[in-house]
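Me: Could you walk me through this model? I'd like to start with the sheet and then go on to the helices and the interfaces.

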Amino acid sequence: MSIHKTAAACVNGREHGLSLLRQMLLIRRFEEKSAEIYSAGKIRGFLHLYIGEEAIAVGAMQALSAGDAVVATYREHGQALARGVPAGRIMAEMYGKANGCSRGRGGSMHLFDAERRFFGGYAIVAGGLPIAVGLALADKLQGRLTVTACFFGEGAVAEGEFHESLNLAALWRLPLLFLCENNLYAMGTALARSESQTDIHLKAQSYNIAAEAVDGMDVLAVESAAQRAAAQVRRGDGPYFLELRTYRYRAHSMSDPELYRSKEEVAQWRGRDPLALFEAYLRGRNMLDDADMKTLEADAANDVEWAVAEAERGGWEPVADLERDVYGSVAA
Amino acid sequence: MPRLGADMTAGKLVKWLKRPGERIKRGDIIAIVETDKANVDVESFLEGALEKILVQPGDERLPVGTPLALIRTEAGAEPAAPAAVAAQAAPRVAVPTADAASAMVPPATVAPAAVAPAAVPPRVVPTPVPPAAAGERARISPAARNRALELRIDPATLTGTGPQGRITLADVERAAQAAPANTADTRQLRMREAIASAMARSKREIPHYYLACTIDLGRALAWLAERNAGRAVTGRLIYAVLLIKAAALALREVPELNGFWIDNRARQSEAIHAGIAISLRGGGLVAPALHHADRQSLDDLMRGFQDLVKRARAWSLKSSEVSDPTVTITSLGERGVESVFGIITPPQLALVGFGTPLERPWVVGGQVAVRPLITATLSGDHRATDGHRGALYLAAVDRLLQQPEEL
Amino acid sequence: MAKMTYREAVRDAMREAMRADPRVFLMGEDVGKYGGAFAVSHGLLEEFGPTRIRDTPLSESTFVGAGIGAALGGMRPIVEVMTINFSLLALDQIVNNAATLRHMSGGQFGVPLLVRMATGGGRQLAAQHSHSLEGWYAHIPGIKVVTPATVADARGLLLAALKQADPVMMFEHATLYPLEGESEDGTIMEIGRAALRRRGKDVSLIAYGGALGKTERAAAQLAQLGIDAEVIDLRSLRPLDTEMILASVTRTHRAVIVEEAWKTGGFAAEVCARIMEGAFDALDAPVARVCGAEVPMPYAQALEQAALPQPESIVKAVQGLF
């Protein structure tokens, strides 16, 4: 597999560097805590962890502003955190509490936040792509210079909705940023076992969409590619497609026997851990020392602790309200 | 409200005979209920104290199953669990009849026949009311059922004109318009309709077979005359009592004729409760039970028989009498008919009939002699028994009547 | 009041909505240049231009999903799917997204989307263009399902649908498009109200969409036979006007439900169940159903007609109750 070597990106100042690391660290620690709480039985259902892929959410989100929209998948804690959805509301949602960001109706796979234009986690693979097409269409029809960022995994590439959506977005030149998180496995199916063409960005190019493959373990590479792509989208030049090559360290959902990949392969990718890489990068440029790191870790631990406390503190949605929010009132 | 017959769906509470707090023994009569057929005593099958009366006497027709009162039983010692009341009775019909319908109007003296031996008292089931067996449920629309309740019409008395014979709203409305105002007439009419319903059902569902046998009553009548001689009128027996006893005893020998057809199979009854067909003045008839007819002395049977006739005509039978018969015995003696082939009272398994004893030429010991002969008949449910068993039964009746002193 | 066809009524309602509200636009296969597979949108492209009358590629799932996204993004999209059989390609978006988003997001997002499509048989289009699957959609909480059977309703329900905060599926029986009738201006209908099309005292005939006309003809024939039938047009399958159904059956004591869809698991079964739950004691006969035969729609005319409810089969079913 070939990773396109783009011009090495540089961090835009120490503060920004620490900010990126802080966000990635929060996601990592938040998810580790989630796994622990899941094991204790307080988080139920599915829990798809993002560990190993943090550079993508954090890097890509740097290119978006408040007016932009985000559509994600069922593995979306990272995107939600990077988008600024409060960690406590996310954790509360995973607990199923009324103070969760979806009032306990969505759970881990369906995080929503209207205020931050976070249009949710979609748990049908590729199901979010048409929604993103529509959001971008709405923006275009209303003359808004906004970007809809649509995250999805490489598994979505096999679905018809992927092709239909790329085609329609390109055909209508919609302001849509496709962010394909290629972690090489759709559950347990390796990319090469499901796709005849494994260079996914080439598929996008066949729809006349500007597309490139990016090292998804390098937060700066992701950030700069996303900036470049978003700028083009914002100019009204139609959609842009980034294939972000990455790796999921954990099981598909909490635990699986991992019969589909070798320990050596996992270890090899762990060697390219996005947090470790970026920490080393910052240390190499004297932007980070042990004390900074200690502070960052303490901050992350603190944030996670607060999030758990908020989730624990939250109340349950009364069962009497079971049927609320199925329909709205008649709108004007 | 106990179910006092298979076709009973509701009854009126006429009177309470016990007060709250009063002790109640098993078998006590605690209330009187009016059914379409009679005023019937409600017996308690429970021991205890009358805890609470739930329904006051009145004109309201209460559906079978309506709790009437609470009886606190001592057995339970669990004060929070008073047994819901009321006598309960197995679903049995109390209306037998004969094909010879024209002969139903009775003279002052009744001529039924009768009888039988028997055993265990009916088992008490402490639930208020048993559901009707599935097969017995009449087709009636929900709307018709509700309207009938409102109009106090017993749906069992109606004939359905809807698809598959379903009783419809229109059937109920028609019946309501046709219903006579006066109570006595209404009672008669309802009884007529109940008989119609039970008999129509019997003919529809029960594959009858019929057997007849001529019996020489000479010895029996001679023995009877001798026995009655010198007795006061009140102490005399009538020959019908001999017939009842013989018919009941013979059932011990062919027990498969005694009992009920329920849920597609025959259920023999250990006890032999002879339902004695009694025609009423003004038409109609009932067949209340002479309990354990096979075990009673002829004198007891005679008394019981006279008492039944009197009370039947006063519309005041006990619930157990109405609901308990395990077989029906009918006699059209003294009406001049030679034989009667009756229709079985569902869900019973058989009906025994006796015609009028007549003096006829009969061959005795190779000589023609004049003898009093009677025709005994058996109507059997072919689902439960075959003609061969029926024949053995009639032969047994004959044999028993030849030894009247043993009865 | 104006005399027009059902097709024109749908078109006029869309035109009126687009004139009144810049957020409203139409998209679907061949709705623009072609003028609509059933010519419903004929002429709209000329008035509103290609930005608001958008031809889409043959990708039902994505253009319906794009409708959902556009609704989330503040628009009031009307999405036309050519026929109900094709809508199955978009079931994922309708069922998994449109219907769930409000609830799944804890009430933060709504999807004010109208999805219109032709439904039903009777035109010899065989087994991939003729079915009546609207009952499937009515199964799903989160969406509303309307089935206009008259010219006035085609207009009224479409305009009402565009006032909803939630996704509405509108099923237009394809044989109704040439139907002529009066269209009422100005009235905004309430979704979820059935219409009493004929008063009667002996039996309630309950129908919707393409089955209404046949049911009304059956009612007329029944009148000749001395049976006074009431006819209810459901108009909306979800929400369902249970109240009117029960009130009617309580008066007439008999009910026959008429539907083109297959009997097994069909919407008629739902109506039947509501009657059992709410009016059992009023019934004087079992509830009857006249539904489509249990067969993929055949092509040959005689076979197709035999597969659909007809006035004669409705009359027969009613007679069976007396």
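Me: How many bridges join β7(A) to strand β8 of chain A?

Reply: Six bridges join β7(A) to β8(A), residues 240-245, and the two strands run parallel. Two strands count as paired if DSSP finds at least two bridges between them, and the elements themselves are DSSP runs numbered from the N terminus, helices being H or I with at least four residues and strands being E with at least two. One position to look at is A:V214, which stands opposite A:L244 in β8(A).

Me: Before I go on, what should I know about the model and the labels?

Reply: This is a predicted model, in which local features need pLDDT of at least 70 and side-chain atom pairs count only at pLDDT 80 or more, while totals for chains, interfaces and linings use all residues. Residues are numbered from 1 along each chain as its sequence is written, and chains are lettered from A and ligands numbered from 1 in the order in which they are written.

Me: OK, in what order do the six strands of the open sheet come?

Reply: The order in chain A is β2-β1-β3-β4-β8-β7, with parallel pairing. β2 (118-122) and β7 (210-215) of chain A stand at the edges with a single partner strand each, so one side of each is left without a neighbour in the sheet. From one strand to the next, the twist averages 15°.

Me: Which strands does helix α9 of chain A lie across?

Reply: Helix α9(A), residues 219-234, lies across β4 (176-182), β7 and β8 of chain A, and runs at about 170° to β8(A). Such angles run from 0 to 180 degrees between N-to-C directions, with axes being lines fitted to C-alpha atoms, for helices over the stretch in contact.

Me: And how do α1 and α2 of chain A cross?

Reply: The axes of α1(A), residues 14-39, and α2(A), residues 54-61, come within 9 Å and cross at roughly 135°. That makes α1(A) oblique to α2(A), given that angles under 35 degrees count as roughly parallel, over 145 as roughly antiparallel, 65 to 115 as roughly perpendicular and the rest as oblique. The contact joins A:L20, A:Q23, A:M24, A:I27 and A:R28 of α1(A) to A:E54, A:A55, A:A57 and A:V58 of α2(A), where a contact needs C-beta atoms, placed from the backbone, within 7 Å.

Me: How many residues of chain A are in contact with chain C?

Reply: 37 residues of chain A are in contact with 37 residues of chain C. On the side of chain A, the elements that give two or more residues are β2, α5 (128-141) and α6 (160-171), and the largest share, 10 residues, comes from α5(A). By class, that side has 18 nonpolar, 12 polar and seven charged residues.

Me: What about chain C and chain B?

Reply: Eight residues of chain C are in contact with nine residues of chain B. The chain C side of that contact divides into four nonpolar, two polar and two charged residues.

Notes:
Two residues are in contact if their C-beta atoms, placed from the backbone, lie within 7 Å. Ala, Val, Leu, Ile, Met, Phe, Trp, Tyr, Cys and Pro count as nonpolar, Asp, Glu, Lys and Arg as charged, and the others, Gly among them, as polar.
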